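Welcome! Keep the picture open while you read.

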There are 2 protein chains.
Amino acid sequence: MSANPASNANSTAPESGVPASAPAVPPSPTFSPLYQQIKGLITQSLESGEWKPGEIIPSEVELAARYKVSQGTVRKAIDELAADNLLVRRQGKGTFVATHNEERAQFRFLRLLADDGAEHPHVSKLLECRRLRASAEIARQLDLKPSDPVVLIRRLLQFDGESTVLDEIWLPGGVFRGLTSERLADYKGPLYAMFEAEFGTRMIRATEKIRAVAAEPTVADLLKVPAGFPLLSVERVSYTYGDRPVEVRRGWYVTTGYYYQNDLS
Amino acid sequence: MSANPASNANSTAPESGVPASAPAVPPSPTFSPLYQQIKGLITQSLESGEWKPGEIIPSEVELAARYKVSQGTVRKAIDELAADNLLVRRQGKGTFVATHNEERAQFRFLRLLADDGAEHPHVSKLLECRRLRASAEIARQLDLKPSDPVVLIRRLLQFDGESTVLDEIWLPGGVFRGLTSERLADYKGPLYAMFEAEFGTRMIRATEKIRAVAAEPTVADLLKVPAGFPLLSVERVSYTYGDRPVEVRRGWYVTTGYYYQNDLS
DNA sequence: CAGTGGTCTAGACCACTAC
DNA sequence: TAGTGGTCTAGACCACTGT
């Protein structure tokens, strides 16, 4: 590879024990393994859109040639990216950029199952989508300046015709310029699939704070439960490449007949 | 290694392209990579208690010699076991059997944080510990026969002096023979640490079903909240080696001032 | 059949820890 | 200095997928 700060200029002759002539760089105090650097380079290509969600990326041998490292090193980099859900390996076919359109990817971000353990389909009802200025709290969480433009989406998810989830979603206005009710209503499939396809912003990971709360009247109304009814409150912050926060989401879940599934492993 | 069903009897002479004399076994229809088999053997040693929680296991070179495979193959097996939280690698020192006494292991199974994001210490108040016969439902979840003996533990967790979590824990009576209130009261540290040290049963993973519920009078009383108060209901099933269920737990969490932290990654 | 990812090996060297 | 895990390489071969 081109930029190589670490101590890898040696071992070009595996059969001879002679060290390379000029070590040049001493054991760097900030040591970073080669495969981590490769991982960074691949991530850059993903972020820049060189390879788009769903597309195939170059084969391991090709990448090894491009970065001037062994296939094993590229392999380890891809291994980690696959473990991070950025790439998907398919034996015999190739390695692909992960997308929120896959079956399994859906579950990762909405872990609601029916009491019998089955995964039910749901439909989304858009309540509103409007642009406004960020409150201090939202600005802090999205790493924006207060009163920067944001988009607010409110929607209702119905499982088997029953209103089960109420979501309030805040997005940075700059990134999601051009997001309107019409485009939201027209789009089929998961919200995150639209975000990655239409706005080049892919959600990588998220953290959630979960609480039990009593339904306030306005929320209760929309979810068709009495005021004071126990609801699951889910506060999510989602991050994209570089661990930059790009979504704040507050959800209220009715958990009668459904539960939030979590695996500790 | 000794028992090798797969097609690995070749490539003993890497520099010559000649295949080994007797392929013996055709490409097995149920192909299992060598490192997976090694992983199984190491898991057996863990389960049998050959290496106990907290102890060091043999070095990679020793294990490679024992199983008659290359260090790289042992390495890949250990990599996965470390990813599964069964082993812990420490560079320069060795590889150790994971234990529930470590700081980071605690969090995995009780993800309750204060509103400011800090992790607060808690104390456990034992309410009761008695032996009884399994209900049909508990028996099913623990893979026992109805009316098999089980142990029921009820306890209260207090954060900063406030009653925050009420737990009901069912354990198979056979495995936890000799578990009494006295031993529970005497033991310092996490429950799971005691289980692995005193009963040789280590919790590997768990699944949780989370709901919001209204506090019933008896529960509300113990948690010092009004009846009907919204509580987080957490139903957990924990598994040990071989994915055998060994604990059913029902918890009620007061989530005012605290939240359940979950990471989607 | 060629091309892809997946496994396995052998060996050199590096970084970290303890004695 | 010796021993541990961690990185990197090169090469052979296997399993899977499409043409």
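## Getting started

Two strands count as paired if DSSP finds at least two bridges between them. Strands themselves (E, at least two residues) and helices (H or I, at least four) are DSSP runs, numbered from the N terminus.

This is a predicted model, in which local features need pLDDT of at least 70 and side-chain atom pairs count only at pLDDT 80 or more, while totals for chains, interfaces and linings use all residues. Residues are numbered from 1 along each chain as its sequence is written, chains are lettered from A and ligands numbered from 1 in the order in which they are written, and side-chain values use heavy atoms, leaving out hydrogens and water.

An open, antiparallel sheet of 8 strands runs in the order S4(A)-S11(A)-S7(B)-S8(B)-S9(B)-S6(B)-S5(B)-S4(B). At its edges are strand S4 (112–114) of chain A and strand S4 (122–133) of chain B, each pairing on one side only. On average, neighbouring strands here are turned by 25° against each other, direction ignored.

Where do the chains join within this sheet? S11(A) and strand S7 (residues 205–214) of chain B run antiparallel and are joined by 5 bridges. A:Asn262 has B:Glu208 as its bridge partner in S7(B), and A:Leu264 is partnered by B:Ala206. Across part of chain B's strands lies helix H7 (residues 191–198) of chain B, running at about 160° to S9(B); such angles run from 0 to 180 degrees between N-to-C directions, with axes fitted to C-alpha atoms, for helices over the stretch in contact.

## The interface

How many residues of chain A are in contact with chain B? There are 28, and they meet 28 residues of chain B, where contact means heavy atoms within 4.5 Å. About 2500 Å² is buried between the two chains, and carbon and sulfur atoms give 51% of that area. Buried area is the accessible area (1.4 Å probe) that two parts lose on being put together, summed over both.

The rule finds 2 salt bridges across this interface, a salt bridge being a side-chain nitrogen of Lys or Arg within 4 Å of a carboxyl oxygen of Asp or Glu. One of them links the side chains of A:Asp115 and B:Arg211, at 2.6 Å from N to O. On the side of chain A that touches chain B, helix H4 (103–109), strand S8 (205–214), strand S9 (230–240) and strand S11 (258–264) of chain A each supply at least two residues. S8(A) gives the most, with 10 residues.

In chain B, strand S1 (residues 87–90) and strand S2 (residues 94–97) pair in the antiparallel sense over 4 bridges. B:Val88 stands opposite B:Phe96. This hairpin has 3 residues between its strands, and B:Gly92 takes a positive phi near 85°.
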